[in-house]
Structures are given as C-alpha cells and as structure tokens.
Amino acid sequence: MEPEDVISRQRHRQHLVVALVACFGLAMIAQMGRSCLISRAEAKVTAIEQQDLKATEQAVKNLMDSFGIAKTIHHPQYLERFDLASLEPQVARAKAQIKTAHETGNPDQKRLLSEQARQLLAVVSSITAERQAYLKLLDTAKDNYLSNIAALRTSIFGANGEIEKLVQGGFFKSNFAPMEELIGRAENSLQEATRLNGILLNGVFPDYLKIWQVAKEGSRIAEEAAVLIRGIPERVRKNDQTISTVRQGIEATVRLYPRAMAAAEHLNRYPRYV
C-alpha cells in the first residue's frame with residue numbers, strides 16, 4: 001500500500017471520529033436541554049399539586065363542614081339552591097390531570113395539563129369562596145337582624161332631630177325637603193322590616209335575611225340624609241361668604257364711580273376722532 005493511501009485512510013478515520021464525537025456531543029446537549037425542560041415542567045406540576053390542589057381540597061372540606069352546620073341553624077329555603085355536588089368531581093378531574101402530567105415525559109404536555117388543572121382549581125376555589133361568604137352572610141343576618149332594626153330606628157330619630165334643631169336655629173324648613181324625602185324612604189324600610197319580623201317562617205324565626213337586608217338599606221338611606229343635613233350649615237356659611245364677597249366687590253366699584261365720571265368728563269374736551 002502506498003504511503004499516500006495510508007495517510008488518506010488515517011485522515012478519513014480521524015474525520016470519522018471527530019464527526020462521531022460531535023454527534024455524540026450534540027445528542028448529549030439536546031438530551032440535557034430536554035431534561036431541563038422536563039424538570040422545569042415537572043416542578044410546575046408539583047407546585048400546583050402541593051399548593052393549589054391542597055388549598056382547594058381544604059377549602060371544599062371547610063365548606064362542607066360549614067354547610068353541615070348551616071343546615072341545623074338556618075331556614076331550609078336559604079339553602080335550597082346551595083349546590084355542593086359539582087365541586088368534588090371538578091377537584092377529582094384536576095387531580096387526574098395532575099397525575100397524567102406527572103406520568104408524561106413530554107414537557108409541553110406537562111405544562112398544558114398542569115395549567116388546565118390550575119385553571120379548574122381556580123374556578124372551584126372561586127365558587128367555594130362565594131358560597132362560604134353566603135353562609136357567613138346568613139350567620140351575620142341571624143345574629144344582627146334585630147340590632148339592624150334598632151339601629152335604623154335610631155338613625156331616623158337622629159336625622160329628624162337634627163332637622164328640628166336647625167329649623168329652631170333659624171334655617172328654613174324648605175331647605176330640608178330632599179332630606180325629609182330620604183327619611184321617608186328609611187321609615188318605609190323600618191315599617192317593612194318590622195312587618196317581616198312579625199311573620200315566622202316554619203314557626204321558629206322570621207325571614208331574618210330579608211329583614212337584615214331591608215334594615216341595612218334603610219340605615220344607608222338614613223345616613224345619606226344625615227350627611228346632607230349636616231352639610232346645610234356649611235352650605236349656608238359658604239353662601240354668606242359668597243354674598244359678602246360680591247357685596248364688597250360692588251362697594252369697591254361704587255367707590256370708583258366718581259373717578260370714572262371725572263375721567264369721562266375730561267375726555268369730552270377732546271375731539272371724538274383724531
């Protein structure tokens with residue numbers, strides 16, 4: 001074999017080795033990159049499992065417990081449309097998506113499934129929080145419906161007293177017509193709340209949720225009237241200040257009138273056109 005052939009074959013082998021090493025290196029880099037993507041996607045799946053899923057499961061459990069208590073103390077009609085059956089299947093579906101995300105080796109699929117599970121759990125959490133708030137509202141209404149009626153009665157009495165006090169102090173009663181209209185609406189709310197309080201549901205308690213809402217709205221209206229009433233003296237003060245400012249301006253103008261007339265007489269001595 002000629003020396004040139006030997007050298008050629010050696011170079012060919014060297015090139016082949018270099019190519020193989022390069023391919024192996026690229027394959028290793030690609031594998032490392034894919035492993036990194038899988039690791040990141042898996043971390044997201046785990047985070048959703050450990051945080052969102054656990055928090056949602058606990059929230060659903062708490063809601064179930066609260067609902068069990070609510071059934072023993074609140075009117076059944078308040079809870080007729082209180083749906084809980086749909087929550088657990090949705091949580092189970094999210095758990096299945098998380099499980100599949102753990103099992104797949106495709107990072108894109110991991111991210112997709114985990115995001116779908118997260119969104120589903122977010123919906124369940126929102127519904128759970130809304131229904132838990134409703135149960136707390138029922139508790140608040142039952143505990144405070146009588147005190148709301150009393151507070152409304154006090155607010156009406158106070159607003160009427162403020163009007164009477166200001167009228168006696170010299171304010172025109174007509175100034176308070178808008179406030180008296182609001183007070184009349186608050187009194188209507190008081191009458192309605194009192195009427196409802198005399199009607200027992202199931203022979204035990206009245207419609208305390210409705211009473212609480214009516215009385216609360218009446219108190220809001222009475223407070224609106226009270227704010228307007230308290231603003232009347234300040235409005236009168238500002239009006240007096242404006243009148244005083246205008247009067248001072250007029251007086252200053254009147255004082256300048258003789259000088260203006262003198263200037264006009266002086267100008268009359270000159271021709272109208274130059």
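Is F205 buried, partly exposed or exposed? Select F205 and you'll find a partly exposed residue, with a relative accessible area of 29% (buried is under 20%, exposed over 50%, partly exposed in between, with a 1.4 Å probe and protein chains only).

Before moving on: this is a predicted model, where local features need pLDDT of at least 70, side-chain atom pairs count only at pLDDT 80 or more, and totals for chains, interfaces and linings use all residues. Residues are numbered from 1 along each chain as its sequence is written, and side-chain values use heavy atoms, with hydrogens and water left out.

Rings of Phe, Tyr and Trp (its six-membered ring) pair if their centres lie within 6.5 Å; planes under 30 degrees apart are stacked, over 60 edge-to-face, the rest tilted. That rule gives 5 aromatic pairs. For F205 and Y208 the ring centres are 6.2 Å apart and the planes sit at 90 degrees, so this pair is edge-to-face. Bring in Y78 and Y145 too: ring pairs link them with F205 and Y208 into a cluster.

Now jump to R131, in helix α3 (residues 107–168); helices are DSSP runs of H or I, at least four residues, numbered from the N terminus. R131 is buried but has no salt bridge, and D83, the nearest side chain of opposite charge, is 4.4 Å away. A salt bridge needs a Lys or Arg side-chain nitrogen within 4 Å of an Asp or Glu carboxyl oxygen. Lys and Arg count as positive, Asp and Glu as negative; His and the chain ends are not counted.

Last stop: I69 in helix α1 (residues 3–73), exposed at 53% relative accessible area.

Conventions
Helices (H or I, at least four residues) and strands (E, at least two) are DSSP runs, numbered from the N terminus.
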